[in-house]
Amino acid sequence: MPLKVLHPLLEDSNHGSKGLNLLNQVAFIGISNWSLDPAKMNRGIMVTRDDPDQEELVLSAKEICSSNSSSADPKLQSVDKHVSTLAGAYLKLVGTTNSTREYYGLRDFYSLIKMLVSLCLEHKVSLTSSILKHSVLRNFGGSDNRPLNLFMKSVDLPEGDPLNPDSTPLGLIRANLISCSTSFYGETRYLLLLTKNYAALTILMKSSFMWPEDKLDKVRVLFGSSFPRDQNYSTACSNINKIKVCMETGKTVILLHLELLYESLYDTLNQYYLKIYDQRFVDLGLGTHRMKCRVHNDFKLVVIAN
């Protein structure tokens, strides 16, 4: 709709005048994940970005590794030397079927590289097979074992590992929830748990090692439903406000059947933060309204899908 208002200014003639008034010409850059209709395409230049090839992936991954001040650290170099084979495994994974291509994306690959760097630097160890397995499962889990098999076969790594992180499903979830790092490498992504009949909620709440009894007040579960009153505007506002309070106080929020809120939480789910000094802020939207919300370092968001 805003672009339609600008249509007269985007034409060669200005409001029906015969001459071209350069002072009234408007230039702008529009970024969209959706296909543009002909009315918009014929009023500008469309620039599309193709999927990166292996060389571009390797270059980006090496830049991620070199972003750390201790890029000459042997622990970091143990990740850097395997970047090319990891990029090849990723391209092989997403190039197999269309369904896989839609399920995994570049963000998963870049997050994998950052997690490998983070674990190696934090624990002062070189890259090993158990660290790679743990990182792959945390960034490419949720489907089948094909991503794990591809990455593990592509890289020849030593088996012995003093760190040996827990790579069981509950271990992976726990590692995500207890991490409070907000650094470039150590920041974890929010969880999406795919289970039948929302069984993940019962498993999480019964797992005492996830949240000790003295921290149960730090967990907030929000339910939704298809009933009309749960779909109205006032209920959405109430739920957004509850999430906002949890963000500011550092609580963990678990969402069930609240697809209505996903659009409002778009920036939150994608972790599009605005950082001012050591504080993080994110936009919360509801309809046409937007507001900034401070994000506590301990805040976690878990989405349980059926």
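A: Leaving aside residues up to four places away in sequence, H134 touches L119, P165, D166, S167, L172 and A175, where contact means heavy atoms within 4.5 Å. The model is predicted: local features need pLDDT of at least 70, side-chain atom pairs count only at pLDDT 80 or more, and totals for chains, interfaces and linings use all residues. Residues are numbered from 1 along each chain as its sequence is written, and side-chain values use heavy atoms, with hydrogens and water left out.

H134 belongs to helix α8, residues 129-140; helices are DSSP runs of H or I of at least four residues, strands are runs of E of at least two, and both are numbered from the N terminus. With a relative accessible area of 4%, H134 is buried (under 20% relative accessible area, 1.4 Å probe, protein chains only). A polar atom of the H134 side chain lies 3.1 Å from the backbone oxygen of D166. G171 is 37 residues from H134 along the chain, and their C-alpha atoms are separated by 9.4 Å.

Turning to the sheet, 4 strands form an open arrangement in the order β1-β7-β3-β2, with parallel pairing; two strands pair if DSSP finds at least two bridges between them. The edge strands, each pairing on one side only, are β1 (191-194) and β2 (219-223). Strands β3 (residues 252-256) and β7 (residues 300-305) pair in the parallel sense over 5 bridges, and L255 stands opposite V303 in β7.

Key:
Buried means under 20% relative accessible area, exposed over 50%, partly exposed in between (1.4 Å probe, protein chains only). A polar contact is a pair of N or O atoms within 3.5 Å; within protein, one must be able to donate a hydrogen and the other to accept it, and residues adjacent in sequence count only if both atoms are side-chain atoms.
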